[in-house]
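Welcome, and please open your viewer so that we can take a short walk together. At each stop you will hear what to select and what is there.

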Amino acid sequence: MFTLAEVASLNDIQPTYRILKPWWDVFMDYLAVVMLMVAIFAGTMQLTKDQVVCLPVLQSTVNSKAQASTSGKADFTTVEATTGQGEAASMRTVSFGSAPAVTPDIPLSRATSSQYQPTESGQELKKEQKDSSGRKTNLDFQQYVFINQMCYHLALPWYSKYFPYLVLIHTIILIVSSNFWFKYPKTCSKIEHFVSILGKCFESPWTTKALSETACEDSEENKQRLTGAPSLPKYVSTSSDEGSPSATTPMITKSGFKFSADKPMIEVPSVTILDKKDGEQAKALFEKVRKFRAHVEDSDLIYKLYVGQTVIKTVKFIFILGYTANFVNTISFEHICNPKVEHLIGYTQFECTHNMAYMLKKLLISYISLICVYGFICLYTLFWLFRIPLKEYSFEKVREESSFSDIPDVKNDFAFLLHMVDQYDQLYSKRFGVFLSEVSENKLREISLNHEWTFEKLRQHVSRNAQDKQELHLFMLSGVPDAVFDLTDLDVLKLELIPEAKIPAKISQMTNLQELHLCHCPAKVEQTAFSFLRDHLRCLHVKFTDVAEIPAWVYLLKNLRELYLIGNLNSENNKMIGLESLRELRHLKILHVKSNLTKIPPNITDVAPHLTKLVIHNDGTKLVVLNSLKKMTNVAELELQSCELERIPHAIFSLSNLQELDLKSNSIRTIEEIISFQHLKRLTCLKLWHNKIVNIPSSITHIKNLESLYLSNNKLESLPAAVFSLQKLRCLDVSYNSILLIPVEIGLLQNLQHFHITGNKIDVLPKQLFKCVKLRTLSLGQNCITSIPDKISQLLQLTHLELKGNCLDRLPATLGQCQLLRKSGLVVEDHLFDALPSEVKEVLNQDTSIPFANGI
């Protein structure tokens, strides 16, 4: 017995797949049910009713004698007889072997004892016939049952016996063929997933909201068109012909759901309110649809399986119709049977009636009619399958009706499933198309984003950077919240990992914005927004993975002063560094490129006359071609870091306006070319740190105007006297080398303010060091110094003193005479500081809150 709950659960199975069953499949299912009922009805009749009824054929005496004289000569005879009513019918006589003739009107007991019996007189026979109402057969009931069973198997045609079972088997095969694609493991999983997603998309509140807003927009536009009232502008861009700098510049032509370039955008109030829960469900549906599409569009297994099962049903129909037509006439009411059991019964021939023949023949004709209808539907299905390309599906009609112009066309199994859904109701495809539209998804994200990131929340994330500017950093959001553009006092805006970032016209409200960071964020801008950025933006940072991610509008910001490009610019893509070239950046002063260049891109030379600072961080890739540097005559600062340079490039010596050169983290071993720097009269800062330099040539003395020299992290073992002839030197950094001593010539550097010699092998400090009375920073840490002379008190401007990591036993008490030195600027072990006299510690600890106490 089935419980009510189990029956209810079975009833829920069918509606799940009904949207994938077109009318012909549904009709064929009903036909299969009717055929199944025919089979069951016919089979039930055969099981419950008598199969055949047979009576012996009583022949005349003459015929009996004729048969007796010819007994044993014939093995098989076919006889034609007429019914009592005179109707002609084909009689089938079956005889096996030969047997002695038995007189039909003699009882079986007497026939077995003697083959021939004396004939009675004619008077007695007439009397007997007169008394009886029919011919006496002398057969009992068991003999009739026996004959009926034998003649059922011998005389009845096989199709009359097995017709119900054949119908049952054929119907089961047709039912299985019709529903196989729902059960096959490779297809049912996709179908179940598709049906589940389709139902959720159909019932999603976001679908209703999107379509309702589209309808509202259409009605508003029609109203505006009819009344002639001016449309309300929504901060959008116009087409490229209406003020766009270039036809190839990727600007946002519309925002929202309307994309027609010749129609104005209408600000439409929200028709429905989408709560947070519905929004999250809709976003999950977009992700499911995206993954399902990627999974299903790569094959056409469902389509092939459906075509295959339809072909099987068509072939099955032709087969059933072909052989059934041949056997329809074999179902007859009367049959002649010769069971050859005369020795048991005494009769040779029997006439049998198949009492179900009439009903079976009617059922067979009905079955043939059903099969014909079934076959015509199969042929129509094949016509539908091959009439149009079902492995392609276009949402053209949906795009026209709903204005979702970006709904993509689909293919393979995805397209076939949608074609099947259209046979049920095309509204499903229309509502499902909403979740294939990227604009619809972006609109949903925008609504959710604006709901979460309010003006108050964004204000809490605004901070002050090192330049004391108001900065907002947005990281890994689905878009840029609208409330951002209400922060009119913002100076710096950082957008990181926001793939769908869009900058609307509202950015024109941010009059203080001068610096923009796009980190893996290929932002799109509207025309009005671009015009604002072109006129107001001064500094732009772009971090990317591939050069193609750099927005094209970046190269059109004619008032840009600083441009930072960080990403992959390999040799194949170098030519793409200047879409529209960089020549439009006529006011560009600083160009910072952190990449893996093998040569300086030629497009950079387009802005060479304007550049004052060029920075190339090459991440270890060898920079080979540097001839382009000669054209950058106005460059004042040049940094070539991690470029695997082995010598100082000769092209640098042509930069007559160069003031600062940084060759950090290269493979420079010798700097003999340094003599050529004497032609660079304005060079004041030379940074050769983090290289492999082993000695400093004496020709360095020719760089008369040098004020800063950085040689840290090299392989120097000594400092030549020529270094100390640079009278203008204010900063000398030789940290982390292998220098053994500080030359006494250091006292000549009267303008020296910062001296760094940390991480060497110094053990003694020369007294001449303390003649550099302008020293403010003195870094002596991580050496082998055993004592600090008392003359350190002469360094009255000293604010930072590093002594940690030496072999000191004590600190001189004269440290207290360094008027600007405070504890925060003294880097030394705690026990050495604690050993100082209390009055010295008191001097070092006082006024720690004033700015210059921190070494500033």
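**Stop one: an aromatic cluster**

Select W23, W24, Y380, F383 and W384: together they form one aromatic cluster. Rings of Phe, Tyr and Trp (its six-membered ring) are paired here if their centres lie within 6.5 Å; planes under 30 degrees apart are called stacked, over 60 edge-to-face, and the rest tilted.

Before going on, note that this is a predicted model, in which local features need pLDDT of at least 70 and side-chain atom pairs count only at pLDDT 80 or more, while totals for chains, interfaces and linings use all residues. Residues are numbered from 1 along each chain as its sequence is written, and side-chain values use heavy atoms, with hydrogens and water left out.

The whole structure holds 23 aromatic pairs. One of them joins W23 and W24 edge-to-face, with 5.7 Å centre to centre and 80° between the planes. Is W24 buried or exposed? W24 is buried, at 0% relative accessibility, and W23 is partly exposed at 45% (buried means under 20% relative accessible area, exposed over 50%, partly exposed in between, with a 1.4 Å probe and protein chains only).

Now look from W23 to Y380: this pair is tilted, 5.5 Å centre to centre with 45° between the planes. W23 belongs to helix 3 (residues 23–48) and Y380 to helix 14 (residues 357–387), so the pair ties together parts 357 residues apart in sequence. Helices (H or I, at least four residues) and strands (E, at least two) are DSSP runs, numbered from the N terminus.

**Stop two: annotated spans**

Next, select residues 27–47, 162–182 and 364–386, which an unreviewed UniProt entry annotates as "transmembrane region"; such annotations may be inferred rather than shown by experiment. Residues 162–182 are 100% helix, with end C-alpha atoms 31 Å apart. Residues 364–386 are also 100% helix, and their end C-alpha atoms lie 33 Å apart.

Four bridges join strand 3 to strand 4 (residues 350–353). Select H335 and you will find C352 of strand 4 opposite.

**Last stop: a lysine over a ring**

Finally, select K457, which lies over the face of W453, 4.2 Å from the ring centre (a charge sits over a ring if NZ of Lys or CZ of Arg is within 6 Å of the ring centre and within 35 degrees of the ring normal).

Definitions and conventions. Two strands pair if DSSP finds at least two bridges between them.
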